[in-house]
Structures are given as structure tokens and as C-alpha cells.
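Subject: Structure handover, with notes on what was found

Dear colleague,

Please read the notes with the structure open beside them.

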Amino acid sequence: MKFEDLLLEIGGFGRFQILILLILCLPRINLPMHFLLHNFLAATPSHRCAIPHQEAFVNLTVEEVLLISIPREPDGTFRSCEMFSRPQFQLLLNSSLRPENDSIIQPCQHGWAYDHSQFTSTISTQWDLVCEQRGLNQATATFFFIGVTMGAVVFGYLSDRFGRKTMLLLSLVCSVVFGMLSAASVSYSMLAVTRTLTGVALSGVSLIVLPLGMEWVDIQHRTLTGILTSIFWSIGNMLLAMVAYLVREWHWLLVAVTGPCLLSIVCLWWVPESARWLIANGKVKQAHRHLLRCARMNGRKDFALLLPSSHLSQALRRMATDKKPGESYSYISLFRTPVLRKISLCSGAVWFGVAFSYYGMSMNLTGFGLNTYLSQFVFGIIEIPAKMIMYVLVNRVGRRQSQAWALILTGLCIGANVIIPKPFTSLRSVVAIMGKGFSEAAFTTVFLYTSELYPTVLRQNGMGYTSFVARLGGALAPLVFLLDEVWRSLPEVTYCGVAVCCGSVAFLLPETLNVRLPEGIEDIE
């Protein structure tokens, strides 16, 4: 008897599974509120050099002081990072005059003045992370994703070793601790360290939630489970926009997005450990207890009568993966056998492309002609129909084709906006919306697809490895924006090229539609 057969007997998608999925959706909602927090935490409002008061300015208006103190761009706006070394009073007579020479233009000497109409306080305004320090501002997101990358390795291994539920609880507790410490940061260095550690902790949540729910669900409802869980990510996206709109001060914003982890910790009490993991690790008694609870909640009370405990225990022991005494699996096991090696290399490339293009688009909220909050909300809404369409496609067309084309079309939409002239704002917005939809479709599929590619004994190691590679993409994505100093369109060209190449690699992966979840390595090979 396979575990899938046992699930059919006790109910593969009943009240028991629905309760688990609803509880696991709470931390899922919370994830994007941290992963995309950079859009608001490190937002850079309009700014200019601060002008110290001088006696000569007494009779001048604010506009006149700016006119003689700060050079202007060709479009007439004041420069953000430069000022005149001495006031240019001749500009009061004729503002179209050019400065005597460029040598009188210098970087800001007295700090910056910020427009606080949209953001009361961000880390950019707190520590002047603008102009020459702009790289440090973008690096905040990179530090977070470096933490997520490290966490993917740690929690992927630990959850296969010590269990899904235990590691999920640990990661939630650590998320609360480091999230609150981030809110209390008194320096940029402290924020960088605590955000990195928050990324490590949240990586466990990201990594464990989907497989823990998926391992309790039968084949027929696996896709539905993956899509439903993913929809709560989009809800978190929209909630982030609303929370950030209501909380404009960055310290309290961090508190607001970290607090919900406490609710998840409390609710986790009602979530059982994965029966698949328990059986694969020889913990038959615990698996037996959870399976009987599942049968009772799903209304299969006759299950215990038809299959006595002694017979069930024997069936579970036979089901346990044949592991030699003392044998253990690690990340190296992902590359030891030929089929697993191919799956690991190809899925790693796909995950990198998915995350690199997704976060590249999600952290660029300036292409809609809307304010930042509305753009974030629109991006969240766009994702939901994309997920609904993918639910149909992955069941009709298959996982492999859906994954490959979603990522390739993401890249083509990004590339199209490089070619479309700037004045065509409506067309550019439509293409950007389509690209965001394809990007989310690719991300939705890759979570489901990867959890089906790896066997139970290595599933969390596999998810940990692919998540590690994905977070490398997420860490690099914000830094690519700095390439606009080399060529304005270079970031978009980079996102486009990576998405198309990595999408093409997905064609090399095996199809998993309507295939049993593999239990051991021999099922893959």
C-alpha cells in the first residue's frame, strides 16, 4: 500500500486538510509583507540639497533661494544631489542664464531636504541614503535576501532532519524576535544585520508552509492546494499596500508587518506534523495517531473499524522508506544520481530566473503613473487572475509547458517595454501589467512543480536548494537597478534575457501532472 492509497481511505481533501491549509495561509499572507517591504521601508521621496540660512536671503522667497542655490535639470526641475558653491544672484534677473562655469557646482554640503507628503519617515530619510549613498539603500533589500538565501539552506536541511512543524515554529519565533529588533534599529548597520537575520528566519516559513500542506493532500487536489496557498501571497501583497498607507513611519511599519507572526505561532498548535515525513523517518506511532485524527475529522470513522490499529501500524512500517541504518540524506544527495542531478540543475536555473524577474518587476513601482501605494495594490490584484488561469493550464497543458512559457513571456513583456517609446504610457502600462501577471504565474507554478519533482526523503532539501538559488536571484534583482547609470535600459534588458533563458531550461524537466509523489530516490531514478 502506498501513502496515496491510504489518503484515499481517510479522505485526501476533507475538513482536516482544509483546517491545515487555512492555518498555514496565515504565515503565507505575512510573507510578502516582509519580502516586498523594501518598496516602502527604503522608499526615496523627492529631495534636494539643504540650503543653510544666510543674511542675504532675508528678503527672498523660498523659490528664489532655491533658484540661486541649486542648479536645474534640462526639464526645469532642481537637481537632487548638487548645489552651487556660492549663490548665483544673477539668476534672479534671468533664470534662463547658465552658471558661469561647472566648477561652481558641488555635491550637497549640508544634508538634504525631503518631501514628506507621501512618506513621513523611511530609512532613506533617516540616514540620508541618497545620491552617493544610494547603493546602500538598494543593498538593504539585498541583505534581506542574502539572509533568505542562507535560511533556505539551513531550514531545508533541518526540516528534513527534525520535521516540518518544529522548524516552522522555530522560524516564526525567530521572525518575531528579529523583526522587532529591526524596528528598534538605531543605526544602518544594526538594521542591515537584523534584516538579514529576519530573512534567515522567514526563509523557513517560505520553505515549509507549502510542502507541509501538500503532503497531507491527495493527487487530485494538489494543484488546487498550491494555487489556493499562493493566492494568499497576493492578498498579503494588497494588505502591504494598505498597511503602508496607514503607517507612514518606518519603525512602526516594521512592527505592523511583524506582529501577525504571533497569531501564526498560536494557530500552529492545531497543525499536525507531516505524516509522510513521520513515516519516511520511521516514526510510525505518531503517523498512526495523526492519520486516525484525520479519518475522524473527515467523517471516515469506519476506517479505524475496517483497519485495526495493529494492521495499520504494520502497513505504515512497510510503507516507511527503506533507509539503511544510520543512512541520512543531505544536499549532496540531490546530485549523486543522474536523474536527480538533472532535475536539481534545471530546477535551480528556473528558480533563479523566476525570482530574479519577479522581484525585478515588484520593486519597480514607477511604471503605472500611480502613486507607490496604489501601484503595490494593483500589482497584488493582477496576480489573482494569473493564478486562476494557471490552475486551469497546469491541469490541462501540464506543469512543464506552463512553467516554461510563463517565464519566457515574462521576459518578452519586460523586453517589449524597452522598445516601446516612453510617450506611449498606456501601452507600456498594459504590457507591464501583463508581464507582472506572467511573472506571478511562473512563481505560482514553480512552487507546485518543484514540490512534486523531489521524493519525500529529499523534498525539503530540494526545496531548500532551489529556494537558495532563487534568493540569490532575489538578492541580485535590486542591485541591477543601479545599472541604469551605465545605460538607462540595461536593467530591463538584463531581466528580459535572464527570464527567457531560464524559462527555456524548464523544457528539460520531467512532467509531473497526475503522477504520484515519489517517496524514495528509487522512485525518481
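Sorted by class, the residues that line the largest cavity comprise five nonpolar, three polar and three charged ones. Please keep in mind throughout that this is a predicted model. The residues in question are R28, S206, S230, W233, Y358, Y359, E440, F443, T444, F447 and R471, and the elements that each supply two or more of the lining residues are α9 (222–246), α16 (338–362) and α19. Of the elements, α19 makes the greatest contribution to this lining, with four residues. The space in this largest cavity comes to about 70 Å³, and the structure as a whole holds five cavities of 30 Å³ or more.

Helix packing

Helix α19, which spans residues 425–453, also packs against helix α8, which spans residues 188–214, with an angle of about 65° and a distance of 11 Å between the two axes. The handedness of the crossing between α8 and α19 is right-handed. On the α8 side the residues that take part are S206, L210 and M214, and these meet F447, L448 and S451 on the α19 side. In terms of class, the contact of α8 with α19 is made up of four nonpolar and two polar residues, with no charged residue.

Backbone angles

Most residues other than glycine have a negative phi. Against that background, two residues deserve a look. D128, which is not a glycine, has a positive phi near 50°, and D128 is placed in the loop between α5 (123–127) and α6 (134–162). With a relative accessible area of 27%, D128 is partly exposed. N514, also a residue other than glycine, has a positive phi near 60°, and its position is in the loop between α21 (490–505) and α22 (521–524). N514 counts as exposed, because its relative accessibility of 60% is over the 50% cut-off.

Single residues

What does A244 touch, once its neighbours within four places in sequence are left aside? The contacts of A244 are then with F40, L253 and Y373. A244 and Y373 are separated by 129 residues in sequence, yet their C-alpha atoms are 7.4 Å apart in space. A244 belongs to helix α9, one of the helices that line the largest cavity, and A244 counts as buried, because its relative accessibility of 2% is under the 20% cut-off.

H38 is located in helix α3, which covers residues 38–41, and H38 counts as buried at 9% relative accessibility. When neighbours within four places in sequence are set aside, H38 is in contact with A43, N137, Q138, T140, A141 and M363. From H38 to C81, which is 43 residues away along the chain, the separation between C-alpha atoms is 22 Å.

I420 sits in the loop between α18 (399–419) and α19. Is I420 buried or exposed? Its relative accessible area is 13%, and I420 is therefore buried, the cut-off being under 20%. Apart from neighbours within four places in sequence, the residues in contact with I420 are L427, R428 and V431.

F3, finally, is part of helix α1, which runs over residues 3–10, and F3 is buried, with a relative accessible area of 2%. The C-alpha atoms of F3 and Q90 lie 84 Å apart, although along the chain the two residues are separated by 87 residues.

With best regards

Notes. Residues numbered from 1 in each chain as written. Predicted model: local features only at pLDDT ≥ 70, side-chain atom pairs only at ≥ 80, totals over all residues. Heavy atoms only, no water. Axes fitted to C-alpha atoms, helices over the stretch in contact; angles between N-to-C directions. Left-handed = near helix turned anticlockwise from the far one by under 90°. Contact = heavy atoms within 4.5 Å. Nonpolar A, V, L, I, M, F, W, Y, C, P; charged D, E, K, R; others polar. Buried < 20%, exposed > 50% of the residue type's maximum accessible area, 1.4 Å probe, protein only. 1 Å grid on protein atoms, 1.4 Å probe; cavity = no way out; pocket = protein on both sides within 12 Å on 5 of 7 lines; lining within 4 Å. Points joined across faces, edges and corners; volume = space filled by probe spheres on them.
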